[in-house]
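Please look over the sequence and the model, then read the notes below them.

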Amino acid sequence: MTGWTLGIETTAHTLSFGLVDSEGTPYPAASDTLRPDKGGIHPREAADHHKDVSGSLFTQVLEMHGLTPSDITTVAYSQGPGLGPCLRVGAAIARGLATRLKAPLIGVNHCVAHIEIGRQQCGCDDPVLLYVSGGNTQVIARLNGRYRVLGETLDIGIGNMLDKFARTQGIPFPGGPVIEKKALEYLRMNPEPSMEGLRLPYAVRGMDLAFSGLMTAAQRLIENGASLEAVCWSLQEHAFAACVEVAERAMAHTGKSELLLGGGVACNERMRTMCHEMSNDREGSSHAPPKMYCIDNGTMIARLGWLEISKRQTPLDESAIDQYLRTDQTPIVWS
Ligand code: AMP
Ligand code: MG
C-alpha cells in the first residue's frame with residue numbers, strides 16, 4: 001500500500017479527521033467536539049456542527065502533517081454504531097472525498113477501531129477490552145475470528161451516566177473529567193475515606209452492567225446532604241469497580257492475560273489504577289493507549305481502514321450507515 005489513509009469519525013459529539021501512513025503508523029487527529037452550554041447532545045445539532053466545521057478541520061489535519069489531498073489514497077469512515085444524523089454526515093463526507101480523490105472507500109466498525117488502535121499503541125496481542133465511552137460500555141474478547149461482546153451495559157454508557165450526573169450538579173459536558181478532579185479533592189481532604197453514608201447500588205448484572213440506578217442514587221445522596229466531592233469519589237469507586245469486576249471475570253473465562261482499556265472514560269487515572277491492580281493480582285497486564293487515542297478520534301478509524309482495505313472495500317451502494325452495527329458483526333480479516 002502506498003499513500004495515506006484518512007479516517008473520518010462522526011459517531012456522536014466529535015468530528016475528527018485522522019491519518020495513518022502507508023505502514024499503518026498513526027498520526028494525531030484534528031478534532032472538534034460539540035459542547036452544548038446546557039442540556040445533552042441533540043443528534044441533529046451535533047450533525048449540523050460536524051457539517052459546519054468539516055471543511056476547516058480537513059484542511060487542518062492536512063496542514064498538521066504537511067500533506068495535500070492527493071496524498072490520500074484510501075478514505076475510511078465510521079459506518080456505525082452511533083447517532084444516525086451524525087454518522088450520515090461522516091458517510092457523506094467520506095463518499096464525496098473518495099469520489100473526488102478517486103480513492104477506495106471503506107466503512108469501518110467504530111468499536112473495533114477502539115480495540116485496534118489500542119492494540120497498535122500498547123503492543124498487546126490478544127487482550128480483553130474494557131471499552132468505556134460516552135455511549136458504550138462493553139467487555140470484549142476475540143473468539144473464533146470475531147470480537148465478541150461478553151458483557152455490556154443494559155441501559156446507558158458509563159460516560160453518559162457520569163455526564164448526566166454532572167449535569168444535575170450544574171457541571172457542563174463532558175462531566176467525567178470534572179468528576180475525576182472532585183474525587184481527587186475529596187481524597188486530599190480524606191486520605192482514608194470510608195464508604196459510610198456514601199454507598200450506592202451494585203451495578204453488576206451477571207456479566208452485564210446497569211448504571212442508571214447509580215446515577216439516581218448519587219443524586220439522592222447529594223439531596224440528603226453529602227458533599228459533591230464525596231459523591232463524585234463514591235460514584236467513581238462503585239461504577240469503575242463494577243466494570244473491573246466484569247472484565248476480571250471475562251479474563252478468567254477466556255484465559256486471556258492482557259487487559260486493554262479504550263473509550264473516553266479510559267482517560268480516568270482511577271480507572272487505570274483499578275485495572276492495573278486487578279491485572280497484577282491475576283499476574284496479567286493492563287494497558288491503556290495515550291488519551292488522544294482513548295477518546296473518539298479519526299486516527300483509529302484510519303488504522304482499521306488500513307488493516308482491512310487489502311481484503312475489502314465499501315462500494316457506494318453499500319456505504320449506508322448502520323446505527324446498530326454490533327462489535328461481533330465485523331469478521332477479523334487482519335492479524
Ligand atoms: P468517547 O465517547 O469515547 O469520546 O468519550 C467521551 C466520554 O468520556 C464522556 O462521557 C466523558 O465524560 C468521558 N471522559 C473523558 N475523560 C474522562 C475522565 N478523565 N474521567 C471520566 N470520564 C471521562
Ligand atoms: Mg467511542
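A residue is called buried under 20% relative accessible area, exposed over 50% and partly exposed in between, using a 1.4 Å probe and protein chains only. By that rule Cys-124 is buried, with a relative accessible area of 5%. This is a predicted model, in which local features need pLDDT of at least 70 and side-chain atom pairs count only at pLDDT 80 or more, while totals for chains, interfaces and linings use all residues. Residues are numbered from 1 along each chain as its sequence is written, chains are lettered from A and ligands numbered from 1 in the order in which they are written, and side-chain values use heavy atoms, with hydrogens and water left out.

**Sheet and helices**

- Helices (H or I, at least four residues) and strands (E, at least two) are DSSP runs, numbered from the N terminus.
- Two strands count as paired if DSSP finds at least two bridges between them.
- Five strands form an open sheet in the order β3-β2-β1-β4-β5, and the pairing is mixed.
- β3 (26-33) and β5 (105-109) are the edge strands, each with a single partner strand, so one side of each has no neighbour in the sheet.
- On average, neighbouring strands of this sheet are turned by 20 degrees against each other, direction ignored; axes are lines fitted to C-alpha atoms, for helices over the stretch in contact, and angles run from 0 to 180 degrees between N-to-C directions.
- Strands β1 (residues 4-9) and β2 (residues 14-20) run antiparallel and are joined by five bridges; Gly-7 stands opposite Gly-18 in β2.
- Helix α1 (residues 43-64) packs on the sheet and touches β1, β2, β3 and β4 (72-80), its direction making about 150 degrees with that of β3. Contact here means heavy atoms within 4.5 Å.
- Helix α3 (residues 110-122) lies across β1, β3, β4 and β5, and runs at about 90 degrees to β5.

- His-114 belongs to helix α3 and Asp-296 to the loop between β12 (285-287) and α9 (298-308), so the pair ties together parts that are 182 residues apart in sequence.
- Both His-114 and Asp-296 are buried.

**Two buried residues in helices**

- Glu-116 is in helix α3 and is buried, at a relative accessible area of 2%.
- Neighbours within four places in sequence aside, Glu-116 is in contact with Tyr-147, Leu-304, Leu-307 and Trp-334.
- Ala-91 lies in helix α2 (residues 84-101) and is buried, at a relative accessible area of 1%.
- The C-alpha atoms of Ala-91 and Ala-320 are 7.3 Å apart in space, although the two residues are 229 residues apart in sequence.
- Neighbours within four places in sequence aside, Ala-91 is in contact with Tyr-77, Ser-319 and Ile-321.

**Salt bridges**

- A salt bridge is a side-chain nitrogen of Lys or Arg within 4 Å of a carboxyl oxygen of Asp or Glu, and the count by this rule is nine.
- One of them joins Asp-48 and Lys-51 (3.7 Å, N to O). These residues are three apart in helix α1, which means a separation of about one helical turn.
- Another joins Lys-256 and Asp-126 (2.9 Å, N to O). Lys-256 is in the loop between α7 (228-254) and β11 (258-262), and Asp-126 is in the loop between α3 and β6 (128-132), 130 residues apart.
- Lys-256 is buried, with a relative accessible area of 11%, whereas Asp-126 is partly exposed at 28%.

**Cysteines**

- A disulfide is a pair of cysteine sulfur atoms within 2.5 Å, and the structure holds zero disulfides.
- The closest cysteine sulfur to that of Cys-124 is in Cys-122, at 5.2 Å, too far for a bond.
- For Cys-86 the closest cysteine sulfur is in Cys-111, at 15 Å, also too far for a bond; Cys-86 is buried, with a relative accessible area of 0%.
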